Amino acid sequence: MPIDVAEVRSPGWWMARLFKKLNERQRVARLELLHDYLHGRPRLPQGAENVRDMFAAFQRKACVNFPALVVGAVSDRLTPVGFQTAADDDASGDQAAADLWKRARLKTTAADVHEMMLNLGEAFVIVGPVDEDTGAPVVTAEDPRWMVAESDPARPHKLLAALKVLWDDIEGVSRAYLYLPGRVFVAVKPSKTPVARPVFTPQSWSWDAGKGGGGGQQINHARIPVVRFVNKDGAGEYEYHLDLIDRINHNILQRLVIASGQAFRQMAVSGLPDEDENGNEIDWSDAFVMMPGAMWQLPSEAKMWESQVTDLRPIIEATRDDITQLSAVTQTPMYMMAPAGQNQSAEGAGLSREGLVFRAGDRKDRADQPWSEVMSLGFLELGDTRRADVAKLTTIWAPVARLSLSEKADAASKAQNDMPRRSRLIHIWGCTPDEADRMMSEWVDEQMFAAQLAQMFAAQNPLPVNEPQLPSAAVPAQVPPAEDPLAGLSLEEISRSEPVSTAVN
């Protein structure tokens, strides 16, 4: 049965609208381009257009995957380690939230979400029903190439609807999942082979009867089970610098072309006669054979010429300058992009890392609230409305700055009088709340064990009492204690009395 798309804001109307947005040509081209760059398939440098297919394999050797370094430098520093909820808001986080995070396998899911957000500019997370095997909701990271959402114009962070498209090769159908507040609608279209970009028409798609048909499936809450993660400006970390990356690859290609072209120097012979002594034309094409042990016999007037090698150092230095510029504009430390950067001073390395820390801190702030919303949806699926309160859900992150052991030890020793031990383990040493709790328990055990050893040692080895014995004649006379002048007085009387001199004459 065809899907009705006439009624505004109906499921069919949303389906048609979001399909159009999903397949927008400019959006699709941009996402595919960024996806290819991250996975080592950038635009090939220009050259030898007349033999493009044959030259493509050689061109790929000139491509360096700097986008993966730019994205990975930030994503590696975004690590949620716990959550504070309305039920438990101490520094170590809520243990129920930690259990949900582990059972839902969100550690690896979070890494995928952050990578897509930093690379493609946005990413999505869907919180599905509870899995019977794990006892936790099914939480998946979704690629924006196959998913799109519509935001409220007045509140950009509030989603009105979301659409996800996939191809089921087992049943041979294409499926489209429409997420609306409190309901999920599923449409299907027969498709025996994968379609690069499914197109929606009301006549070719129909509601899946096994998934609720046109009425959809009701979920356990009244919210949209989709959370959108948006990067700064909705762009990839390196998206504004694609031309610079292309220039680096182009310079590398030119170096490879020159090095390959002059692997054998060009040689020539001048002064050779055209005819022999009998007047016959001489064919010199087979006279000069390039092989080991070959010997050439030349006339006395013949002269040899050999081309000179092109100096590649200017091209290499230009490439290094471009890499330095890419490091600066993306705030990625130079030591991550070029081995030569490892030789810079400690102060220079610290300054270059500072920009990366600020950038990672900004991206952490942008992902903070979405993760709270993901956990809120997870608790709603579990029926825990108290912990699902988003206003009291706070994400606990591992420190963005990755310090060395010596730096951590120095900071921890200086913070002994200002921070509790557990807070030092989390905020300075970078331990997760679970690790901090375990270490605190081990520390208490060590203290108790040390006290028991001390008591046992004292009982087995009592200290000798060596009091000097004075002669009886030298024993001083017992002096009666002086009478306390304030004895028997009340506090009010003592406060009105004159100060008592305690000087000893």
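Modeller: Helix H2, residues 25–38, has 14 residues and reaches 20 Å from its first C-alpha to its last, close to the 20 Å expected at 1.5 Å a residue (the expected span being 1.5 Å times one less than the number of residues). The model is predicted, so local features need pLDDT of at least 70 and side-chain atom pairs count only at pLDDT 80 or more, while totals for chains, interfaces and linings use all residues. Residues are numbered from 1 along each chain as its sequence is written, and side-chain values use heavy atoms, with hydrogens and water left out.

The buried residues of H2 are Arg27, Val28, Leu31, Leu34, His35, Tyr37 and Leu38. Buried means under 20% relative accessible area, exposed over 50%, and partly exposed in between, with a 1.4 Å probe and protein chains only. An α-helix has 3.6 residues a turn, so residues three or four places apart point the same way. Just after H2, Gly40 takes a positive phi of about 75 degrees.

The partner to consider is helix H6, residues 106–120, which packs against H2 at an angle of about 115 degrees, the two axes being 9 Å apart. Axes are lines fitted to C-alpha atoms, for helices over the stretch in contact, and angles run from 0 to 180 degrees between N-to-C directions. From H2, the residues Arg30, Leu31, Leu34, His35 and Leu38 meet Glu115, Asn119 and Leu120 of H6, a contact being heavy atoms within 4.5 Å. By class, this contact has four nonpolar, two polar and two charged residues, where Ala, Val, Leu, Ile, Met, Phe, Trp, Tyr, Cys and Pro count as nonpolar, Asp, Glu, Lys and Arg as charged, and the others, Gly among them, as polar.

Leaving out residues up to four places away in sequence, Asp143 touches His35, Met116 and Leu120. Asp143 is found in the loop between strand S3 (137–142) and strand S4 (147–151), and counts as buried because its relative accessible area is 15%. A polar atom of the Asp143 side chain lies 2.9 Å from the backbone nitrogen of Arg145.

Strand S4 also holds Met147, which is buried because its relative accessible area is 0%. Ala162 is 15 residues from Met147 in sequence, and their C-alpha atoms are 7.4 Å apart.

Glu237, in the loop between strand S10 (226–230) and helix H7 (242–261), counts as buried because its relative accessibility is 9%. With neighbours within four places set aside, Glu237 is in contact with Leu118, Val70, Val74, Asn231, Thr330, Arg359 and Arg363. Its side chain makes polar contacts with those of Asn231 at 2.8 Å and Arg359 at 2.4 Å. A polar contact is a pair of N or O atoms within 3.5 Å; within protein, one must be able to donate a hydrogen and the other to accept it, and residues adjacent in sequence count only if both atoms are side-chain atoms. The C-alpha atoms of Glu237 and Val71 are separated by 6.4 Å, although the two are 166 residues apart along the chain.

The S10–H7 loop also contains Asp233, which has a positive phi of about 65 degrees although it is not a glycine. Asp233 counts as exposed because its relative accessibility is 59%. Gln331, in the loop between helix H8 (313–329) and helix H9 (334–337), is another residue other than glycine with a positive phi, near 55 degrees.

As for the whole, the protein has 14 helices and 13 strands, and 36% of its 505 residues count as buried.

Note on methods: Helices (H or I, at least four residues) and strands (E, at least two) are DSSP runs, numbered from the N terminus.
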